[in-house]
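Please look over the sequence and the model before reading on.

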Amino acid sequence: EAPINGSRSEARMSIPRFKDPAARAAMERNGYVVFPGFAEALLPRLRAVYRDMLGAMPASDPYFQLPMTGTNWIGDLALRARILAEVGRIIAPELEVILDDHRLVGAGFRVKYSGDESFLPLHQDPTQGDEDRYYVMNIIVPLVDTRSENGALQVVPGSHRIMPKLRSLGLEDRADTLNLHEVVGPLTETI
């Protein structure tokens with residue numbers, strides 16, 4: 001059995017307990033799963049929270065100073081906490097529909113503006129927990145239709161088995177710096 005993320009097979013992290021066996025198999029095989037229409041009914045509420053958040057911040061807020069930004073960069077800590085809680089309350093019931101035995105750790109907004117300054121190389125997000133014991137995953141719910149031209153998510157099926165187990169915020173563990181780009185780049189799919 002091949003190790004995942006550099007871990008020994010006996011310490012292998014478990015795949016999340018999706019209610020749909022096909023989703024579990026896709027996660028095991030690809031490292032991601034797509035649920036078309038997931039949370040679509042929530043989009044008006046999420047967009048309203050996002051608009052309220054933008055209206056509550058001054059133009060000088062750190063949130064507006066980066067080409068890729070998110071709730072964690074809001075300067076007003078009380079506003080940040082309120083937005084994280086509101087988004088969590090909205091999305092949590094949807095997770096109950098697809099997952100068994102899970103815990104929502106956080107929910108918020110992530111914005112990646114278009115343009116060269118917001119380019120993000122192939123990477124895996126930083127380690128957020130003990131992956132020998134827990135399977136940590138991000139659930140992405142785009143607030144707008146996404147496609148290649150406006151920054152749709154790109155994935156490399158199976159790359160969860162080849163990238164380092166411990167990942168940092170720095171770029172030293174990105175596909176480019178590990179000389180994996182030529183290998184994994186052609187395998188990239190836009191979802």
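## Terms and basis

A residue is called buried at under 20% relative accessible area, exposed at over 50% and partly exposed in between, using a 1.4 Å probe and protein chains only. This is a predicted model, in which local features need pLDDT of at least 70 and side-chain atom pairs count only at pLDDT 80 or more, while totals for chains, interfaces and linings use all residues. Residues are numbered from 1 along each chain as its sequence is written, and side-chain values use heavy atoms, leaving out hydrogens and water.

## Aromatic pairs

Four aromatic pairs occur in the structure; rings of Phe, Tyr and Trp (its six-membered ring) pair if their centres lie within 6.5 Å, and planes under 30 degrees apart count as stacked, over 60 as edge-to-face and the rest as tilted. Tyr50 and Phe109 make an edge-to-face pair, with 5.1 Å centre to centre and 70° between the planes. This pair links distant parts of the chain, since Tyr50 belongs to helix α2 and Phe109 to the loop between β3 and β4 (110–112), 59 residues apart; helices (H or I, at least four residues) and strands (E, at least two) are DSSP runs, numbered from the N terminus.

Phe109 counts as buried because its relative accessibility is 9%, and Tyr50 counts as buried at 17%. Another edge-to-face pair joins Tyr63 and Phe64, at 5.3 Å centre to centre and 85° between the planes. Here Tyr63 is buried at 0% relative accessibility, whereas Phe64 is partly exposed at 31%.

## Helix α3

The buried residues of α3 include Leu79, Ile83 and Glu86.
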